[in-house]
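Please look at the sequence and the structure together.

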Amino acid sequence: MLKGIIGAIFLAVVCTCLYGQQPDIAAFFKEEASVEVIPGMFTTYRSNGRIYWEVPDSLIGREFVVTTTILAAPARPDRDMEKKFGYSGDMIGPVFFSFRKHGNELWMLDPQHERVIEDPEGVYAKIAARRGNERLYKILPVKAKNPESNLVEIGEVLKDFPLFTLDIVSFDLLIGTRLREKDCIKEIKGFDNRLLIHATRTYQSSSMGMRGKPVAPPYIGDWDTGICIKLLSKEPLDPVFANTEAYFVIDKNYFQGDQPADRKAVIKRWRLEIRPEDEEKYMKGELVEPIQPIIFYIDRNTPEKYIGCIIEAVRDWRPAFEKAGFKNAIDARLVPTVEEDSDFSIYDSSYPFISWKISGQNNAYGPTPCEPRSGEIIACHIGIFSSVLNLEQKWYFAQCGANDPQAWNIELPDSLQYEQIKKVLTHEVGHTLGLKHNFR
């Protein structure tokens with residue numbers, strides 16, 4: 001009888017273990033008629049209208065950055081020329097996430113880096129540590145497992161979660177309500193350290209009256225977007241603290257000892273690193289090329305006559321880098337054609353981009369999106385509005401008209417326009433390098 005009881009218990013334990021186990025990934029898709037497999041950072045599977053990620057254990061705990069770029073915007077009856085954003089080429093983000101394993105689930109988390117606890121025994125540090133350094137975005141059930149990876153269904157998250165849509169800027173863009181049933185993931189491309197997702201979204205605006213302006217008619221508009229999900233460096237840059245107000249910065253609270261948090265400003269900067277074989281030359285004062293130079297890619301919608309002066313404007317920053325010991329550290333080139341580089345994409349945040357926008361907006365902009373661990377600038381889309389030349393002409397007339405008769409002309413000569421475009425671009429590139437206005 002004892003043997004029978006032991007056997008029954010053993011059988012129950014085995015059955016429980018087998019029931020709790022999940023199939024391997026190949027077995028999970030065995031019954032599916034058609035499965036598209038896209039290799040990459042996360043191997044992506046598309047099957048029966050669903051999208052899955054195979055997340056390697058080696059990437060659990062690593063951090064990822066998400067940027068969304070507008071590829072095409074609808075013709076809008078309520079277009080406000082005073083609004084800077086909502087044009088093709090605009091980049092939204094960055095936003096960040098990481099994964100943590102929790103039983104048979106992957107938790108998608110929002111990593112927090114605005115606080116640094118240097119002395120965990122301090123009174124204030126202990127209070128601050130209670131909050132933790134993560135916030136929960138989503139819980140993803142694991143559908144299947146391999147020895148070193150987990151399969152999760154991600155399709156609805158990519159379609160519907162604000163991290164991957166325009167919802168996080170819907171108020172800024174005034175685009176109304178998203179029609180979720182029209183969301184479509186058109187293409188996914190995988191690389192070793194990033195995924196590119198081409199998605200279309202449809203938003204329905206509402207008629208909202210604003211003081212002094214006529215009520216715009218409601219409309220339904222399609223937004224073509226590109227999402228880049230990129231793996232951040234395993235080791236962040238060492239933070240450099242600001243001791244002037246010349247740089248764009250991120251603020252962090254540092255907890256040391258029993259004192260309240262000390263707020264410190266960390267400079268935003270690019271990752272420019274030296275090859276090991278060049279270190280001796282660099283220390284001797286010789287110019288060396290960085291491992292990863294800063295290359296801006298120029299929108300092919302830019303008028304051809306301005307492309308040369310835009311390249312010159314970017315290269316005008318080279319002497320500054322040479323003072324820091326780098327040669328050829330910054331450059332610009334036209335976006336390659338598909339034949340020249342089939343992997344290139346303007347929504348790949350690996351490529352800084354200069355976009356040309358047809359608009360009545362008399363302006364340009366140069367942001368410094370950075371990752372919160374160190375202030376490293378990680379993606380950059382400069383925007384130039386075609387009407388910025390109107391502003392430049394007014395400024396030139398007011399500032400130089402007494403000395404230059406060219407300023408009196410209704411239409412300025414191309415040679416002068418080239419110099420004005422160069423001035424605009426050199427200024428905006430300066431911002432993307434982390435520099436604030438100095439009003440000089």
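The model is predicted, so local features need pLDDT of at least 70 and side-chain atom pairs count only at pLDDT 80 or more, while totals for chains, interfaces and linings use all residues. Residues are numbered from 1 along each chain as its sequence is written, and side-chain values use heavy atoms, with hydrogens and water left out.

**Pocket and cavity**

Rolling a probe the size of a water molecule over the atoms shows where empty space is left. On a 1 Å grid over the protein atoms alone, a cavity is a set of points where a 1.4 Å probe fits but cannot get out; a pocket is an open set with protein on both sides within 12 Å along at least five of seven lines; lining residues have an atom within 4 Å of a point. A volume is the space filled by probe spheres set on the points, which are joined across faces, edges and corners.

The largest pocket has a volume of about 680 Å³. Its lining has 25 residues, and Lys 230, Gln 292, Ser 350, Glu 376 and Ile 378 lie nearest the centre. Two or more lining residues come from each of β13 (220-231) and β16 (294-298), and β16 gives the largest share, 3 residues. Elements are DSSP runs numbered from the N terminus: helices are H or I with at least four residues, strands E with at least two. The pocket lining has 14 nonpolar, 5 polar and 6 charged residues; here Ala, Val, Leu, Ile, Met, Phe, Trp, Tyr, Cys and Pro count as nonpolar, Asp, Glu, Lys and Arg as charged, and the others, Gly among them, as polar.

The structure holds 2 cavities of 30 Å³ or more.

**Helix packing**

Axes are lines fitted to C-alpha atoms, for helices over the stretch in contact, and angles run from 0 to 180 degrees between N-to-C directions. Contact means heavy atoms within 4.5 Å.

| Pair | Axes | Angle |
|---|---|---|
| α7 (304-315) and α10 (414-432) | within 8 Å | roughly 40 degrees |
| α9 (388-400) and α10 | 10 Å apart | about 105 degrees |

Angles under 35 degrees count as roughly parallel, over 145 as roughly antiparallel, 65 to 115 as roughly perpendicular and the rest as oblique. Helix α9 is therefore roughly perpendicular to α10, whereas α7 and α10 are oblique to each other. The contact of α9 with α10 includes Trp 395 and Tyr 396 of α9 and Ile 421 and Val 424 of α10. Its residues divide into 7 nonpolar, 3 polar and 2 charged.

Among the α7 residues that meet α10 are Tyr 306 and Ile 310, and the α10 side includes Tyr 418 and Ile 421. By class, this contact has 9 nonpolar, 2 polar and 4 charged residues.

**Backbone**

Most residues other than glycine have a negative phi, and most peptide bonds are trans. A cis peptide bond joins Gly 93 and Pro 94, with omega about 10 degrees; Pro 94 lies in strand β5. Asn 48, not a glycine, has a positive phi of about 55 degrees and lies in the loop between β2 (43-47) and β3 (50-56).
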